Structure formats: structure tokens, C-alpha cells
Amino acid sequence: MEDYAIEMIGISKAFPGILANDKVNLSVRKNEVHALLGENGAGKSTLMSILFGSYSADEGTIKINGREEKIKDPNAATALKIGMVHQHFKLVHNYTVTENIVLGQEPRNRFGFLDLRDARKRVQKLSEQYGLQVDPDAKIEDVTVGQEQRVEILKTLYRDADIIILDEPTAVLTPQEIDELMDIIKLLKSEGKTVVLITHKLKEIKAVADRCTVLRRGKSIDTVDVAGVTEKDLAEMMVGRAVNFSTEKKPAQPGEVVLSLKDLVIEDALGAVRVNNLSLDVREGEIMGIAGVDGNGQSELVHAINGMYPLTSGAIVLDGEDITRAGVRRRIQQGVGYVPEDRHKYGIVKDFSLSENVILKTYYQEPFSGRFGYMDTKPMDELTDKLIEEFDVRAGKGHVTEAGSLSGGNQQKLIIAREINLSPKVLVIAQPTRGLDVGAIEYIHKRIIAERDAGKAVLVVSYDLDEIMNLCDRIATISKGQILDVSDVKDVNEHEIGLMMAGEKKSKAGSDE
Amino acid sequence: MSKDLTEKKSFLESEGTVSLLVVLLGFLCGTILVLLVGRNPLNMYKAIVQAMTGFDIDRGRLNVRYIGETLNYSVPFILCGFSMAFAARVGLFNIGGEGQYIVGMTVAQAVALLGPQIPGVHWMMAVAAAVVAGAFWGGIVGILKAKYEVSEVVSTIMLNYIALYLSRMVSFKLPGANTFRTDNFPETAKLTNDFFQQITRYSNLNNGVFLVVIAIVLYWFIMEKTSLGFGLRATGYNKDAALCSGIPVTRSITTSMAIAGAFAGLAGAIVILGSFAHGRVISGMDNYGFNGIAVALVGNSKALGVTLAGLLFGILKNAQPLMQSRQIPKEITLIIQGLIVVFIALRSGLYLFQQWRKTKQIKSGGEA
């Protein structure tokens, strides 16, 4: 009889239009690092939200430490010593670390006033015990994303969690921070904690996990000992078919400069400099990648290229033509394709059908609009059907499906289909595969490379360094709005780029390590 | 099994059904209220039936005049409903229908009194001028919003009062103006339709009906069938995505407010040239513009919905005197209208209920 910390048996959960969990089984042993692997939309987060009490399961039983429990809300989960670190941190930015940690169960002295002294001591002690290196008095707005995550971990430890759920913890971290997180997870284990790691990154599973449960389309496929399987095995279980890992591509055949950014300075509404004197050339037939940690000016930069963010100074030249002052539509006509990072906000109109989203940038042109602006639905539906087929967009009702009802991955495929169909001279893609499953990533990478081979200039912004290394021909590393280095992908390694992402300039002496 | 989940929206979920339920609920509450004040609610429905069909159930007599009046009353409701709806589809809240209506009415009566009295041309000029004036009045709001980010709610409310007092100033200068009216309009400016008058026993029903039909078709066509409407709807649903896709968002806002104003301006012209024989020096608002907000909400800003909701409001308005003659307080219609709007606001509650039902269906489907 094995000792289980968590047993979830036959869990089902339906949302309107989708069965997110279909009789899922999950057994996590005490004091193990258990990975929960699955593509996006496989039901990992739903399952963990049920465990944490954010959702209630439609059916199934949950046992914690062998006892059947009803977890009706997160407070009940906390009482059962379950802690969760969400993908998006829930911290108050102008509060200190300690204040954030005690939030919700503020300690009071005998007069009923807030008393943080003991709490602060405890935070300090826990931080040292688990090697988290967090300053209890620092304000959240002053700490890095990696430290924010540690504050979240501390929060669970402060609440005496024995079971810690980490939801896609590495999505926002630099490679160095990822390594540190892996050490923290190991330390948590050695201190007797049980860790559930939600991820779709196989490398991390191999690095820290003892066992791994694979979910696919809402069903639990298998639970395996990580030591006994390869990354390839895991990937196949996750996707349900053989996958090709490294993106195959021919060497780039770069030609003329298509997109030229000259001394761009971008200030935000408050006057803070987001992009600082940035110059970059993107040539036809190459994929230029911008590597960097989230929040270093990438969003402002790509928005500005699309014409949505005003430049303070500098110039943008597309194919010899100055488009610095051109509006968004003019730039689209000139050949700027743009896949925005926040696809819900900028990429699609959720209440529109797939067809309407496909023609969002070209609706006013032939053949979609005829004389007097009369719109014909036939060409747009035909085009959409073609793109749905070609890009494998899974939509319940074909081209009349509301875009908002698609899964994130399918929405992204739809946007990429639209942009590639526009056949732009330069394709600017922010976070091409964030939240996509392995199959979709493979496909989208292939399409991006095909665009490159067709002579297009491609600019990719990604916070996932693996993706940049895998996909791009040249890498520009950005930190605090400045490009620190532009190198051919052959001439750099992850470690060097990771250091630059953290703001260290590449040493002129070169490879002296 | 997923194909079962994505089948087309069930009857209960369609927006139209929700509006219908809301209206029925409003009437139900109205009925209870009438009972509470000790009157017979049947009389209320008799009045409504009479306003709708012209048939007096008590006396067994048919008077088609009521149908004509109901239709005529509905005209400004429908048009002001479109004024609100057109802006709402672009994500704007046009509370300025009243002001746009007043401006349209004022310009129409000025042209009617001062314009060249050419048969067939005169009234068209007056109507066209009113439409342009309404569009201008709405357009100001659009420009303020698009260029200077002035909240359209604030600017429309203020412009309503500017419109009211401007209208008084202008109307005082018109021929024969006293404290409440001007000279009679020349025949060439009126929208009277002899044929309608004959078949509806001399109701005020007039050529404005044709203009409304054109407006309904135009609204539907612009919104649903043109690239202009596409850009406007995209802006209304998701301004950021519209901007990112190169849709001229600032222009969309101005255009939509101008078109919204044009609808209300047309309403003003039809009311003054169709139902009045003389110009008005108004001292207060007619409230058609404000009621238009409710009409658009009930009609869900769709062409057919707004038309039906406008007709409903027309019926209720025409039923008021009929209720009074049956000892039902006429204010009950206003209460019903108010309740309908409140229930519309509670729509999200119904939506949540539907979500819950759907989830249950899926679950049972999963077990089967």
C-alpha cells in the first residue's frame, strides 16, 4: 500500500462547450515531485483548480493523505495544506514582500492592530531555509519576476503548505532563473514537501520530476517514472503521435534589408523610456529573433512597428520607404504583418465569426467588399474554409464559429493564418507559440520558416529562449529597451544570451570561459 | 460528442427570446401593480388591444384610427432607438438622441417656414436639412470623443440642453412666433398623406412611415452588409483589435455618432412636419430621445428588434388615454417601460442561468 499525498479519482469537469476533464485519475505520492504534462487545453489547469478548490468537479473523488475530502474553495485547500502558485502572480505591487505574504491572514497584536514583526521574521527564516533569497522588506514593484514567483512560493510555505502546486512556473523566467527554480524545487522536496509541477516543457520534467502524469484532451493517458522514459517518449504520449523535435531548416539565404529600425526611442504615457535608442535591421530571407525577459520594451517595440505606439524619435523604414508617420492601415498595405502578443486584446474580435476575423485587415478590399462597400460573404467564407483546412484550426462550426469559443492555440493559428495569407514583406510575430501545444508549435515554426524561405523578413519576439534558439537565424538580445548584442545563432549559446537578458553586456574578449 | 456541444444556439438562448421574456415580465409586474391599486388589469389589456388593433372589446367597435396613431407614435421611438443603437453597436453610449432630435425638429420647422414652397421639394429639403443637422449635432460628440477623449455620455447630456435652448432662441425668430408656437406650415412642407388619412379615419399617420421604412432598411444594410458597418462593429466589439488591424477607429467613432444623430434628426423632422401644423417653441423635452435608449436596449440594437421595441413603445403611448378612460392610471405604462429596462439590465442573470443549464447538459451528455 503506497502512501499518497493526493489521489484524484475519476474527476470530470465540463465547461460550456467543452469537457475539460473526463474521468481523470491522478495519484501523487508523498514527498515526490510529480509533473503534470499536457498540451494547452489538455485540462491540466482545470484539474489543479479543482484540487485547489477554485472549481468544483462535476464528479469524482479527491483524497488528501488518504482521506476523502470535499474542497469547496481555496480556503479549504489551504486548510488541507495545499498551496498553489498561479501562472499569473497575484501580488499587490506597492506592498512589501511580507505584507503580500500575510495578506488574507494578517497578524494582529492584542490591540487589534496589524503587527508584522513576527511575520517578517518567519518570512526571513523560511526564505533562508528554502534558499529563496527574498528580502522581506522589498516592495513587489522593485523585485524581478523571478523573485515575485518566489514570493508566491513563500506565501504557500508561510501557510504551512505540504503540497505545492506550481502552474507553468518557468514561462516568465530567464534560463538562469529556471535553473535556480529547479534547485528550489529540489530543496522543497528534500525538506519533505510534495510538489506538483504543471508544465509542457519536457526538459524541466527530466530535470526535477520523479513521476509524470500525462493528460491529453481531458483524459489521463498514463503515469510514468520519469527516469525510465526519454523526452521523446513523453512528447509522444502528450501529443498522441510521433513528434519531430528540432525544427528542420536549411541555412538562411539573407538578402536585402527589408525592415530597418533606426535609433528608436519610445516613451510610455508616463514618460518612462521603454525603448532606448534601438537600431535593428531585418533582412529578407532571415528570421531575426529578439531574446529578452518580458517587460524589457519588446511589447512597445512591436506595437510601434505596427503603428500603434507613437515613437518619441527615430525612424522605421520598410523596403526603402519611410513608414515612420504612416498609420496602421497604410503599414498593413505596405506589407507589415503582425501577430500580437496579447491575442485576445489585439489579435481577434471574439464576438466575430472566424470569417470576419480572417478579413479583419482586408474587409474593405476586393473581393470582400464590392461597390458602395457592399460586403459579399462568399469570398470570405471560402477563404476562411481554406485557411481552417490549411492551418488545422479546430472550430466546432466551421467558418461561422465565434472566434472567442476557440481554444487559445486555435485562435493563434487563426491569426497566423490571417497574417501569412496577407503575404507581408515583414512578418512581426510576438510570442508565436505561447500557450500552444507541441503539434501546433511544430506546425507554426514550419510555417514561419516557410515564409522565410519564400524570401520574407521575419521578426520574432519570444520570452522562450529555446524557441528563439530553435527558430531564428540571428538573435538580438534586448534588455531595458536596448539591444545589447546581435549575433548569428551559430555564434552564441544559451548561457551567454541568458546573461545578456539579465542586462550584462557581452564581454568584448569573446569566449574566454 | 463535441458536436453536440457546439450545435446552434437553442431557442431559449437567442437574444430575441430574452427580450420577449423581459417584456412579458414587465407586463406581468404591471398587471400585479394594477391589481394592487384595486383596478381590473383586464382593462389595461383591453386598452392595449385597442391601441394595437383599433378594436374596442367593450363596445365591439372597430376604429382603425388607433392603428394609425399607434404607428405614428412609434415612428420617433423607432428612429431614436436607432440613434442609440447605431452608437451602441460601435461601443458608444449616445444619450444625446434627445438633443439631436430637437436640433432636427428645429431645423425642419425653420426650413418649413422659410424655405421655397415648391411642392414635393419643400418637405424633402426640410427633412434633409434636419438629417444633416442631427448628424452635425451627433458628429460634434464623435469628434470630441475621437480627438480629445471627451466622454460621450457627458458631452451628449450637455448638448441636449444646448439644443433645447438653442431651439427656443431660433424658434422665437421664426415667423409668427409666440411663447409656444409659430405660424402654420405651408402645405408644401407637410408630410400629410391623404390616402393614409382616409383609410385611418384622419389619424396623424403620414409619409414619415415611408421614411422610417427606408431608415430601418438602411440601418440593417449599413450595419450588417457594408464594409463601413463591419469596421464599426469591429470597433464596438474590440477597439484594440480594430486599431491593431488598421480599422480607422477615430473615424469610426465620429461617423457612427454622426449617423446616430442623423436618425434622431429625422425623427424630429417627421414629428414636426407630420403631426404638427405649425412650428413649436418648446419649453421642455419630448423625451423621445431618452426613450430611444430603452427601445435600443429592448431591441438589442438590431434592426428588427429596435423596430418591434419601437412599436411596443408606440402602442403603450397610444394606450395611455385609453387606459385612463378605463380607470387605469396611465402612468402604469411608464412603469412597465421602466421595468422592462430594469429587467433588460438583469439579462446577465438569465445568461448565467443558461450557462448553468448548458453545463448540466454537457455533463449528462458525457455520462451517456
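Colleague: Let's start with B:Arg201: is it buried or exposed?

Modeller: Bear in mind that this is a predicted model. B:Arg201 sits in the loop between helix H8 (194-199) and helix H9 (208-225) of chain B. Its relative accessible area is 51%, and the cut-off for that class is over 50%, so B:Arg201 counts as exposed.

Colleague: And what is the phi of B:Arg201 near?

Modeller: Most residues other than glycine have a negative phi. B:Arg201 is not a glycine, yet its phi is positive, near 55 degrees.

Colleague: What about A:Asp263, which class of accessibility does it fall in?

Modeller: A:Asp263 belongs to strand S11 (residues 257-267) of chain A. It also has a positive phi of about 50 degrees although it is not a glycine. With 43% relative accessibility, which lies between the 20% and 50% cut-offs, A:Asp263 counts as partly exposed.

Colleague: Which residues does the cis peptide bond join?

Modeller: Most peptide bonds are trans. Here, though, omega is about -5 degrees, and the proline of the pair, A:Pro367, lies in the loop between helix H12 (354-358) and helix H13 (377-391) of chain A. The cis bond joins A:Glu366 and A:Pro367.

Colleague: Now helix H6 of chain A: within what arc do its buried residues fall?

Modeller: H6(A) covers residues 175-190 and reaches 23 Å from its first C-alpha to its last, close to the 22 Å expected. Its buried residues include A:Ile178, A:Leu181, A:Ile185 and A:Leu188. They line one face of the helix, because seen down the axis of H6(A) the buried residues fall within an arc of 165 degrees.

Colleague: Which exposed residues are on the face of H6(A) turned away from its buried side?

Modeller: After the helix comes A:Gly192, with a positive phi near 95 degrees. As for the face turned away from the buried side of H6(A), the exposed residues it carries are A:Asp179 and A:Ser190.

Colleague: How far apart in space are A:Met500 and A:Ser479, C-alpha to C-alpha?

Modeller: A:Met500 lies in helix H17 (residues 494-501) of chain A and is buried, with a relative accessible area of 1%. In sequence, A:Met500 and A:Ser479 are 21 residues apart, but in space their C-alpha atoms are separated by 7.3 Å.

Colleague: On to the interface: about how much area do chain A and chain B bury between them?

Modeller: The size of an interface is often given as the accessible area lost when the parts come together. In this model 38 residues of chain A are in contact with 29 residues of chain B. Of the area buried between the two chains, 65% is on carbon and sulfur atoms, and the total is about 2700 Å².

Colleague: Which residue of chain B forms a salt bridge with A:Glu356?

Modeller: The rule finds 1 salt bridge across the interface of chain A and chain B. The closest N and O atoms are 3.2 Å apart, within the 4 Å cut-off. The partner of A:Glu356 is B:Arg233.

Notes. Residues numbered from 1 in each chain as written. Chains lettered and ligands numbered in written order. Predicted model: local features only at pLDDT ≥ 70, side-chain atom pairs only at ≥ 80, totals over all residues. Heavy atoms only, no water. Helix = DSSP H or I, 4+ residues; strand = E, 2+ residues; numbered from the N terminus. Expected span 1.5 Å × (residues − 1). Buried < 20%, exposed > 50% of the residue type's maximum accessible area, 1.4 Å probe, protein only. Arc of directions from axis to C-beta. Contact = heavy atoms within 4.5 Å. Buried area = accessible area lost by both parts, 1.4 Å probe. Salt bridge = Lys/Arg side-chain N within 4 Å of Asp/Glu carboxyl O.
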